[in-house]
Amino acid sequence: MFPTFASLLSSLALLQCAQASPTGATPDKSINKRAVTPVLSAASQVATASYPYWNRDSCTSVRVQYREFWTCRDSAGQGGQFYSSTASWSDFNNGPLITNGQLYLYGDDNGEYFKNQPDECQAGSNSGNCMNGTRYAIWPDSPPLPVAGSNNAVKLYTWIIKSYLNNDLSPITKNPATSLYRSDYNPANQGVSKTLPPVTLVNENFWPAQSIPYGSYGWAISPDGKTAYLYGQLNNGTANLGAALARVPINSIEDKSQYSYYNNGGWSSTAPSLTSTSARIANAGTNGQGTFYYSSYFSSYMWLGADSINIGSGFYVATAPIPEGPWTSPILFYNGTNGNASLGAYSQQAHPGLTSSNGGGNDIYLTFSKNDKDAANSSHITTTHPLIHVIWN
Ligand SMILES: *[C@@H]1O[C@H](CO)[C@@H](O)[C@H](O)[C@H]1NC(C)=O
Ligand SMILES: *[C@@H]1O[C@H](CO)[C@@H](O)[C@H](O)[C@H]1NC(C)=O
Ligand SMILES: *[C@@H]1O[C@H](CO)[C@@H](O)[C@H](O)[C@H]1NC(C)=O
Ligand SMILES: *[C@@H]1O[C@H](CO)[C@@H](O)[C@H](O)[C@H]1NC(C)=O
Ligand SMILES: *[C@@H]1O[C@H](CO)[C@@H](O)[C@H](O)[C@H]1NC(C)=O
């Protein structure tokens, strides 16, 4: 029952977030940089990203030193656990280390990774279940943002919307606050084996309720490594209205006074309101799930992800010379194979950290969540993550 529940929750929550498409933009001819349209050369499924103990939903990842660090949403363990998030590692050996067709996502199996807080039904049970049909679903939607420290230490930042949901998955609180979590990777302590970087809650209300949840829709780091660009979706209470953009010096992620915000074609120290369509960056994502990153191969910022409807395994790509755009209209470049359960595929993600150039070369890895009915019991659903290797022209 748990895997079905997990998958259903995530999928329907995604649908709630995907009701509107941004309007297309007219490219600004005055910007003197080329807009790149990547062309697929080859794509094939090379493995399944998985670990037998966990049935995990919606996974993202980032390179941390010599391994890939993963965060996933609803995770059902063979011991009966059900957590809103788990984290894990995968290994490399001239590319992702594939054993028996699996890229193993291994980790310490103890407990939820991003913990629910006391006001998020922490006490009720695991996974934010409030025991009365409501739930605080603390779901990481974007990969942890890495900030290098000394001696190979890395701070990993994740912005998570404090979703509070009814039993039917409709939001009880529309546009709640967004929490900022930090995972502290220290190679001396977490550089080996299953140990995961410990998590600290930096600020439970980093972005207050009814403000733009920058960082939850994705992020990219400038090629010089100095600036973090954070995307968050505008929303008018019933629909997402496209992505807005904030930026901050990479070493000041926790300092709100260091942020600036893009609006009306310029940068300001004042954040636009959640409904400000003047802050919308057309085509910076489709409102569907995906991943932003910078590619030195294309000299472009990239967005790879789902179409706005979100059920399916189609992958779209949009690019921009600078994070503010103009972004190219997202185009379909690859279709995966949907699972045979009713919610067969969703949560498209790209994994630049899995490539040998950490996203800078002519290739990229993709995953999506694929739901299949078990052969022996069609009421039981298993979620897997096909790992697809894409080569660009
Ligand atoms: C089939 O799967 C469902 C959902 O997990 C479970 O409730 C049921 O007990 C399973 N049936 C059998 C015969 O194992
Ligand atoms: C459900 O429980 C939570 C946590 O105790 C509470 O805040 C909320 O008001 C309850 N909702 C209903 C409908 O009883
Ligand atoms: C929100 O935006 C959507 C899409 O543009 C629109 O259909 C809807 O009427 C808007 N709702 C409100 C409350 O403004
Ligand atoms: C490919 O995926 C897109 C988006 O999910 C979908 O609209 C289209 O029907 C798919 N095409 C095939 C052949 O499955
Ligand atoms: C669904 O797909 C799974 C995984 O490939 C397979 O084991 C199962 O038999 C399929 N079930 C149906 C009803 O097609």
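1. Asn132 makes a polar contact with ligand 2: an N or O atom of its side chain is 2.4 Å from an oxygen atom of the ligand. A polar contact here is a pair of N or O atoms within 3.5 Å. The model is predicted; local features need pLDDT of at least 70, side-chain atom pairs count only at pLDDT 80 or more, and totals for chains, interfaces and linings use all residues. Residues are numbered from 1 along each chain as its sequence is written, chains are lettered from A and ligands numbered from 1 in the order written, and side-chain values use heavy atoms, without hydrogens or water.

2. Around ligand 2 sit Cys121, Cys130, Asn132, Thr134 and Tyr164 (a heavy atom within 4 Å). The protein covers 34% of the 360 Å² of accessible area that ligand 2 has on its own (Shrake-Rupley method, 1.4 Å probe). This shell has three nonpolar, two polar and no charged residues; Cys and Tyr count as nonpolar.

3. Ligand 5 has Asn340, Asp372, Lys373 and Ala375 around it. An N or O atom in the Asn340 side chain is 2.3 Å from a ligand 5 oxygen. For Asp372, a polar side-chain atom lies 3.3 Å from an oxygen atom of ligand 5. The protein covers 43% of the 360 Å² of accessible area that ligand 5 has on its own. By class, the shell holds one nonpolar, one polar and two charged residues.

Key
Polar contact = N/O pair within 3.5 Å; in protein donor to acceptor, adjacent residues only side chain to side chain.
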